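Here's a quick briefing on charged side chains and who they pair up with. Have the model open while you read.

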Amino acid sequence: MSTPPPPHHWPAAPPPPPPYGYGPPALNGFALASLLVGLLCFPPLGIVFGIVALVQIAKKGERGKALAVCGLAASVAMTLIMVLVAERVVSPLFDRVRASDVLEPYEDVEGELVDMSELRTGDCFNTPGGDLLDEAHFAYRIACTEVHDAEVTSATPMSEQRFPGVEQLKQSATEECWRAQDSYAMDTWALPPYAGMYYFAPSRDSWADGDRRVVCVIGTSEQEHKGSLRKDAGMLNPEQVAFLHAANEVDQVLGRTPGADVGDALGQYRSWARDVEQALAGESRVLDEAKGRPQTAGPAAVQKERVEAARKQWLRAAAAKDAQEFDSAWDRAVAEMPFGPEKVLRGAYGLSTTVPEWLDDSGSDGSDGSDGSDGSDGSGGPSAGPAVEAA
């Protein structure tokens with residue numbers, strides 16, 4: 001019997017047993033630390049741990065790359081959140097601390113130190129030295145029953161999305177704050193002669209930081225003043241509100257006199273005259289209703305006659321062909337509305353009968369008027385101090 005030929009290849013030897021401790025690659029410790037530190041402790045350190053983990057994993061072949069990437073991303077996100085929170089919370093705190101240092105010489109100012117953004121309608125406050133023209137970020141809020149420099153009539157954000165420009169901002173703030181004052185203190189004749197309209201508006205830089213609020217105030221810092229000047233619609237009867245709304249609207253329109261000379265801007269003046277006539281038409285309708293009430297019937301009838309006579313002259317002004325014709329109609333329109341009849345009517349309504357200085361420059365009994373050409377603003381309140389643009 002023959003012997004089979006030997007195989008061409010010997011079978012391979014079995015592999016040696018694995019060394020002691022052999023298993024999957026180790027998990028990188030910095031990868032796990034990056035996620036935990038980034039979420040729970042100190043995110044910037046989590047960023048460092050995440051970068052170290054990725055470098056070590058690439059060199060040593062360790063596990064945990066996905067964990068390191070997640071930790072790095074979470075740490076970056078948490079760091080950004082921390083920066084935003086610090087900017088909005090810590091920065092104002094430091095500003096207040098710095099303001100306290102700056103205002104240290106004025107520690108005798110009465111009231112609670114607050115940011116201007118904290119003031120609300122009806123708040124009274126003081127400023128260092130009573131200076132309402134200072135571009136201040138802070139004020140000293142105090143009870144209106146105490147001596148104070150100013151009282152907030154409105155604190156509202158502007159609707160514009162972009163900074164409107166300095167001049168447009170001033171114009172918008174001025175118009176808004178006169179209206180706010182006429183709504184807050186509707187009986188404008190009752191305001192003291194030392195009261196003036198001021199405002200605090202955002203600067204270009206503060207606008208970029210998100211500041212949009214215009215704070216309108218009645219300033220009384222020229223004399224020592226106690227008590228609120230508030231007399232709004234909620235504190236008056238409906239008849240008083242209707243009359244004051246119409247009368248204040250007339251004053252508002254009269255205060256928007258075009259800035260140029262009549263000869264250089266006749267078209268603007270004619271348009272303004274039409275607006276005045278329309279405002280007087282609104283007052284005339286209110287007076288018609290007042291004629292039907294016994295307590296106001298007689299004075300309302302007299303005032304309506306004066307208003308209708310003035311309306312005719314304003315219509316002539318609106319149709320004037322040249323500056324001389326406009327000025328002549330303007331003068332006659334003013335002469336048709338002396339203060340005497342309005343004083344009697346206001347008394348019948350139970351309102352103030354003291355003709356304010358901003359209407360009666362001569363200080364007389366109110367029998368004469370002014371066309372506003374002497375510099376009085378005629379805009380429904382006392383002659384305003386320069387409105388302040390605060391940062």
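A salt bridge here is a side-chain nitrogen of Lys or Arg within 4 Å of a carboxyl oxygen of Asp or Glu. The structure holds 11 salt bridges. Keep in mind that this is a predicted model: local features need pLDDT of at least 70, side-chain atom pairs count only at pLDDT 80 or more, and totals for chains, interfaces and linings use all residues. Residues are numbered from 1 along each chain as its sequence is written, and side-chain values use heavy atoms, with hydrogens and water left out.

**Around Arg 141**

- Arg 141 sits in strand E3 (residues 138-142) and Glu 112 in strand E1 (residues 112-115), so this pair links distant parts of the chain, 29 residues apart. Strands (E, at least two residues) and helices (H or I, at least four) are DSSP runs, numbered from the N terminus.
- Arg 141 is partly exposed, at 24% relative accessible area, and Glu 112 is partly exposed too, at 46%. The cut-offs: buried is under 20% relative accessible area, exposed is over 50%, and partly exposed is in between (1.4 Å probe, protein chains only).
- Asp 123 also forms a salt bridge with Arg 141, with the closest N and O atoms 3.5 Å apart. Asp 123 lies in the loop between E1 and strand E2 (124-126), so its pairing with Arg 141 ties together parts that are 18 residues apart in sequence.
- Asp 123 is buried, with a relative accessible area of 18%.

**Other salt bridges**

- Glu 342 pairs with Arg 346, the closest N and O atoms being 3.0 Å apart. Both lie in helix H10 (residues 339-349), four residues apart, or about one turn of the helix, and both are buried.
- Glu 277, Asp 288, Lys 304, Glu 308 and Arg 311 are joined in a network of salt bridges.

**Glu 151, a buried charge without a salt bridge**

- Glu 151, in strand E4 (residues 150-157), is buried but has no salt bridge. Where is the nearest side chain of opposite charge? That is Arg 230, 6.5 Å away; Lys and Arg count as positive, Asp and Glu as negative, and His and the chain ends are not counted.
- The Glu 151 side chain does make polar contacts of 2.5 Å with the side chains of Tyr 184 and Ser 228. A polar contact is a pair of N or O atoms within 3.5 Å; within protein, one must be able to donate a hydrogen and the other to accept it, and residues adjacent in sequence count only if both atoms are side-chain atoms.
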